[in-house]
Amino acid sequence: MEPMVLAEEDDDASNPFTAKRTINPELIYAIPLKQDEGQRCAQLRFLETQMKNYDEILSYNRLLCQKLPEEDSKTMFLQIDKDNSLLRTALEQKVSEIGLCPIVNCVYHNNLSNNPKPKRNRTETRKNENSKTQKLADQNEFQLPAKRHTAKLNENIHSKNSEINETVNLNNKFSNLSVDEAENGPTIVVHKPPPIMLKRTDNFHEVLKKINAEWGQVESKLGGPYIKLYVKDELEHRKLTKYLKIADLEYFTMTPRSERPIKVVIRGIPPETPAEYVKESLIEEYNFEIEKVAQLTQFQTKRPLPIYQITLNNTEVNKGIWNVNTLMLMKVTVRKFERKTGTIQCFNCNQWHHSAAGCGYKPRCIKCGGPHAKDQCTEKPKDVPLCINCKKEGHVASYKGCEMYPKPKDRRTHFPAFRKVDSAFSYADMANSRPLKPNEELYLPPHIRDLKTERNRSKKVWQRSRDPVSKNSYNIAQARFRSAITDFNQITYSNEIEQLNIYDGSLWRRTKRLKTKRSNIPQLKNPNSNLPAHTNLEKAEILANHFETQFTPNDIRDPNTENTVINSIEKFNSNSSPNKFKNVKPSEITDYLKKIKINKTSGMDGITNKMLKNLPLKIILKLTNIYNYLFKFNYFPNCWKTARILPILKPGKDPTHAVSYRPISLLPTLSKLGEKLILNRYMKHANKIKIPIPQQFGFTAQLSTTHQLLRVIEHIHEGKANRLATAAIFLDIAKAFDKVWIQGLIHKLIAYHFPPYIIKIICSYLQDRYFTVAVKETDSSSRKLNAGVPQGRILAPYIFVLFMNDIPQQRNITLSLYADDTAILAQGKTPDQTLTPLQNYVIKLEAWLVRWKIKLNVDKTEAIVFFKHSTKWPKINIYNTPINWKNEIKYLGVIIDKNINFHSHINHTRDKYNKAFRAQYSLICRNSGLSIDNKLLIYLAYLRPVITYASPIWACTAKTNLNKLETLENKTIRMIARAHWYQRTDEIRHALNIPSLKQFIHKLSTKFYSSLPTIANPEIAKIPNYDVSNSNNCKRPRYTLNLVDS
């Protein structure tokens, strides 16, 4: 039997350990010595490694010899032991012949690096009762003494005693009783190879029989959806994986430990150094076998870091990388490379918990799902990707939000005690500390750091001594530290407030943040299981489920209308008329880019308005070609139709229910530009055919909510002047924008004879839309919109107005529309004359709503009667539901009471102003460091519009109501100017150049009423023009023109 050796590769053919022949001591003695210092160091390391190998072999053989019962076998092992001892002796003599390593401070043979200086023994100091040392002491029932109570070690005494101890015989007669058999030889650690995870099938029993019959016996266990196959050593592991691959059985495994490369990172090298130069330096200085050198970069900025990842083969020579402390004449540190924690996904089969190196599955393309690798795929990427794992659209298989993606398990949840402790610590952390915001550093000036150090020192002294005097010193230090922190925070806040200005937008950002405070979404209740959702992903999925049901047509059927719509669309699609369209010009795009605001949020593509504004002319010309092709092929790209929805809580709603949130869509910026180009062509034809109807004031040039309110109020006053009663119904359409019937909308575009290219491009724009819901930085899975026009877009409100354009009209009914806010008014001298036409119109309206799948919120629909006599009026029925008469209603933001004195609206405005004032109080209060000019800007831009909204309509109210609002204005102005009690408000206004509230409302009213004759709308022309100097008209809106300071 030949002696067992471990061979190492070498360039010298005379090396007996690489030559394929029997090794004997003469061959070892004949090894020539290397002349180069580096080669001699490598030769010395190799011989020392062989000596260690033979030491282990000798010890292992002797241990086996003792356990063998047969003499013949012992004789064979004794001969092996004799041969290996001779070889071991020859190696030792050759090492002594070579001598010491010729390289100075060698990382392999340096005694200073291998044998560090022993540290001076110190006694353990007693720390506080929560320290690790104290806990160990408590467990061992031994109290460590304090440092000052322990004697110092005298090194001279120890050195003298060592000489005496050398002459004393300390042999233990009974030492053999405690000797274990394993001590006769080294403990050889044999790492068991990882299991092979065989895919479990229905005929798994037959598969295991085949493996045991053809390959050999193998241990198998159940492991979830797999069968674990165990082997004895790594050689069998390699053979079994090779057999499974040939047998076409799907499996995966981990790389055996001996085959795993050594991965380290080296710190301390300048980041400008190329990776190839680092590799050459490692080979030249240490003779390592380098596989790969890569420089790490910063994740977000991609800035090169002074950290290099080194990958080496798993050999004895390369293990010396851990001893490297200098490289390229610079001091460096070597650390183990730690990969990112998380679930591993295979690049071959796109499944989890293994890598492609140990994958035995058939390849699956992540783009198309075909049986080939991604690099070999010839298909183009899809606009809407398809996940090959969950079979859903909107994401690929590597998306962490996929329902099939493994979620990390919190193992602490298996123990109830851990749950209680974890929740207690979470509550304590929340109650006692404020976590740092992202990119926020906790900075303290030097004098506060000194106070903090003094506070901590006093605290330690008191905890050790428990002396009342020390406690008093600690309290004083704590009070000083807290006072300094308070002053520092106040100064920091004051400096921040003083630096706010309008030039960099910091003032408006701060005021907007104070005006609309958005809180985090709390735990949402799952409507299916009624269990709370904790994570952002769970919240996003619940909201997405709610919005998915919201973006579906109302379940209202009218077969005749549906057949008409289907036939109309099919007839339009069958007519292949030539596609004539108006070409897009670069000037259209540049005009749009000049008007857009740079602070708008981008869509899922990440392209901002600021990027578009800085595009060169060459790119604008390319965009022009792209949009021309869109109109040519009547195609709106799918990648522009995926919206990111931000859920906004409705005022006064329960935040734990998904129905309390309103969807706000964020589309790609290029999609908004495409919508603007479509809208320009849509409006050109809409103006020709006079869409919308004159009663519709929403999204119409020169018209606003104030104009519609004036029309309604003047109609009521005109009825009162003619001694007519006015009955009004204010409709509430359920989810008006989100429930639009898309096919019905396309049918109406066809019916109004819009150009075919506009109909087709709008059809492509509305169909096959998708959305995701974002909660913080987490997005839900992609969902499809089956109905509705997207809110927050450019084109959507205009085509919604077209959808409402054919609402029924009646001769004795006044119709007032502003988008979906609808008011129906009827007048008569008696209840019967007033309500009969109103009820007839409601019946017609119900039929129209059913035809176009529009649903009313009957519970939110309100009705009111404007009549001076208190007659009991019968109720109006909508869908067989009686509508109660109210004393006041709210229409377009203004509360209208039955006497039209606007008393309730003034009180509502005052409450609304106080709420806005409290939100901005920190900026405009007397002690604020903000300048007076900026405080005035906040008042003029944010606070005064709250009071003056629709003031040309309601400013004819009583003087006592106007005085309530003037009091609010005077209080704010005096606070801004830091006025004393003896200073008059008129003087302060004159100094600040601010008109009084009445003067400002009079100015607004004059401008508003003077612009009415210029508006080309027949309903505006019907508004009566009366004598404002007549006191009989003092309660009518135009009387506001007489408003002056009293």
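**View 1. Ala863 stands opposite Trp885 in S24.** Here strand S21 (residues 862–866) runs parallel to S24, the two being joined over two bridges. Strands are DSSP runs of E with at least two residues and helices are runs of H or I with at least four, both numbered from the N terminus; two strands pair if DSSP finds at least two bridges between them. This is a predicted model, where local features need pLDDT of at least 70 and side-chain atom pairs pLDDT 80 or more, while totals for chains, interfaces and linings use all residues. Residues are numbered from 1 along each chain as its sequence is written, and side-chain values use heavy atoms, leaving out hydrogens and water.

**View 2. Stepping back, the open sheet has five strands in the order S19-S20-S15-S21-S24.** Its pairing is mixed. S19 (814–818) and S24 (885–886) are the edge strands, each pairing on one side only.

**View 3. Helix H24 (residues 831–851) lies across S15, S19, S20 and S24.** H24 runs at about 145° to S20 (angles run from 0 to 180 degrees between N-to-C directions, with axes fitted to C-alpha atoms, for helices over the stretch in contact; contact means heavy atoms within 4.5 Å). Helix H20 (residues 705–721) lies across S15, S19, S20 and S21, at about 160° to S19.

**View 4. Now meet the largest nonpolar core, with 80 residues.** Such a core is a set of buried Ala, Val, Leu, Ile, Met, Phe, Trp, Tyr and Cys residues joined through side-chain atoms within 4.5 Å; buried means under 20% relative accessible area (1.4 Å probe, protein chains only). Helix H22 (residues 756–766) gives the most to this core, eight residues.

Methods
Buried means under 20% relative accessible area, exposed over 50%, partly exposed in between (1.4 Å probe, protein chains only).
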